[in-house]
Amino acid sequence: DGTGGPWYRADVGVLGGRIACVGNLKDVAAVVDVDAAGKVVAPGFVDTHSHCDLVILSDPQATFKLAQGITTEVIGQDGLGVAPVAPEARETWRDMVSGLTGDPAVAWTWSSLGQFLEEVERAKPATNVACLAGYGPLRVSVAGFGKGNLADDALERVQSLFTASLEEGACGLSWGMVYFPCFYSCDEEMVALGRMMASKGLPMVIHLWSESRRLMESLQRAVGIARSAGIPLHVSHLKCAGKTTWGKAADALEILQRARESGVEVTFDQYPYTEGSTTALAMLPPWVLEGGADKAMERLSDERMAEMVKRDIAADGWAFSESAWENDIALTGWDGLTIAWVKSDRNKWCEGKTLTEIGAALDLDPCDAFIGLLVEERGAVTVIEALMNEDDVVTLMRSGLHMLATDGIPAGKPHPRLAGSFPRFIGRYSLRRGVVRLEEAIRHVTSAPAARVGLWDRGLIRPGMAADIVVFEESQFLDRNTFDDPTAAPSGLKLVLVNGAVALADGRCTGIRNGKVLRPR
């Protein structure tokens with residue numbers, strides 16, 4: 001039922017988009033009677049970290065999400081959401097975020113977060129949508145694409161814009177500390193913005209400065225900022241990245257548990273894979289991105305500066321004092337970096353290939369091939385990275401602070417997490433391997449994430465709660481997609497209700513799109 005308590009047999013009555021009653025309803029007449037005997041009935045799943053900000057407009061059917069049992073998505077992640085964004089910053093910002101959101105044929109007509117959410121409502125999505133405000137678009141809307149800390153007057157204008165976003169329905173504030181321009185944020189800025197959410201109980205959602213060699217330092221820093229601001233902290237896609245950090249998941253969890261014992265409300269999410277995925281722009285030294293995508297492409301096109309980029313990648317980044325740089329290429333090597341998406345048709349042949357393979361095909365050094373691809377695609381490139389260790393993934397998964405996310409990037413030949421995370425966690429790790437008992441696994445994907453972003457009427461099978469419900473066959477529910485076939489549908493999902501309407505039956509979408517924009521209560 002979403003609480004984590006033991007399962008029980010009961011009937012569930014739905015009326016007017018809400019759960020009307022739970023119990024023995026054999027004498028209650030129903031307009032529609034669904035026989036779910038012997039199957040698992042649970043609240044609809046909440047994707048705590050979605051990058052479908054634009055795809056929810058271009059493809060509101062959300063097949064990849066419904067087919068997993070996801071009924072609510074939380075967008076605006078990593079400080080790189082699509083709203084609010086000032087009109088003059090729109091096109092450059094679109095280029096900067098395309099490696100995480102894809103670049104579907106959607107006209108950006110909005111400026112405020114409220115206007116964007118109105119566009120989502122007009123699209124009539126099949127899933128519910130909650131939206132974080134991202135530090136990136138807030139900042140570039142006020143201060144453009146320059147570097148450094150915000151001046152006092154600029155910070156005040158960012159605060160004003162964030163206040164409006166909260167009033168328009170933002171469910172928290174996100175930062176991506178390895179992404180432009182978030183890596184310019186100082187702790188004082190973060191505390192000042194965080195305090196604006198203190199009375200609402202909404203979280204700071206953060207992609208850490210480091211998920212590798214400085215993971216513990218980054219966790220401590222984030223906890224300190226949340227403590228100073230008096231707000232909850234939610235860590236995005238917690239992981240131990242790179243071989244030097246493998247085996248340290250328990251140390252990371254100890255930091256989070258100590259924080260909770262000291263009164264800081266800390267949680268985290270995870271995708272259940274050992275590979276990550278991100279925008280290729282995040283692979284570059286921070287100085288390359290100053291001024292936005294156009295400036296970055298000018299620098300990469302300059303032979304002298306391209307050599308500087310190659311030097312900095314080889315030097316492994318932490319020597320930079322201006323801003324910490326998580327050099328993922330140093331963690332994975334070129335063999336561990338696979339192209340998942342490029343925008344143009346002429347380079348589609350690169351999708352699914354490592355940079356080593358692409359370099360060999362072009363008779364180029366992998367770094368030269370990488371820089372050339374970025375220039376040709378104007379930065380619109382997504383990569384998959386071999387980063388983690390299975391033992392650490394499992395250790396994090398067992399924590400009571402854990403929630404689940406797809407973090408899927410909906411473009412090209414995507415990471416299979418986009419279409420397989422939830423049946424993989426429940427079917428493979430919980431039901432088959434026993435890593436987390438089923439009832440607790442369901443809590444991780446329902447009531448826990450719903451409460452994290454203030455959606456208090458979701459995530460439980462209880463009278464009065466919204467009727468987001470999934471029904472699956474316990475013995476059959478499993479991910480079936482792979483890196484070679486990343487969008488194959490899972491098996492065993494029988495029924496999905498979104499706000500009381502049947503969005504999926506017997507594994508197939510019905511075409512009924514009954515999702516809502518959800519705002520924290």
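**Exercise 1. Is Phe 180 buried or exposed?**

Before we start: this is a predicted model, where local features need pLDDT of at least 70, side-chain atom pairs count only at pLDDT 80 or more, and totals for chains, interfaces and linings use all residues. Residues are numbered from 1 along each chain as its sequence is written, and side-chain values use heavy atoms, with hydrogens and water left out.

Solution.
- Step 1: Recall the cut-offs: buried means under 20% relative accessible area, exposed over 50%, partly exposed in between (1.4 Å probe, protein chains only).
- Step 2: Phe 180 has a relative accessible area of 4%, so Phe 180 is buried.

**Exercise 2. Describe the aromatic pair of Tyr 135 and Trp 175.**

Solution.
- Step 1: Rings of Phe, Tyr and Trp (its six-membered ring) pair if their centres lie within 6.5 Å; planes under 30 degrees apart count as stacked, over 60 as edge-to-face and the rest as tilted.
- Step 2: The structure holds 10 aromatic pairs. In one of them, Tyr 135 and Trp 175 are 5.8 Å apart centre to centre with 25° between the planes, which is stacked.
- Step 3: Tyr 135 is buried at 0% relative accessible area, and Trp 175 is buried at 0% too.

**Exercise 3. Find the partner of Phe 145 in a stacked pair.**

Solution.
- Step 1: Phe 145 stacks with Phe 180, at 6.2 Å centre to centre and 5° between the planes.
- Step 2: The two residues sit in loops, and the pair therefore ties together parts that are 35 residues apart in sequence.
- Step 3: Phe 145 is buried, at 12% relative accessibility.
- Step 4: Phe 145, Phe 180, Phe 183 and Tyr 184 make up one aromatic cluster.

Terms used. Helices (H or I, at least four residues) and strands (E, at least two) are DSSP runs, numbered from the N terminus.
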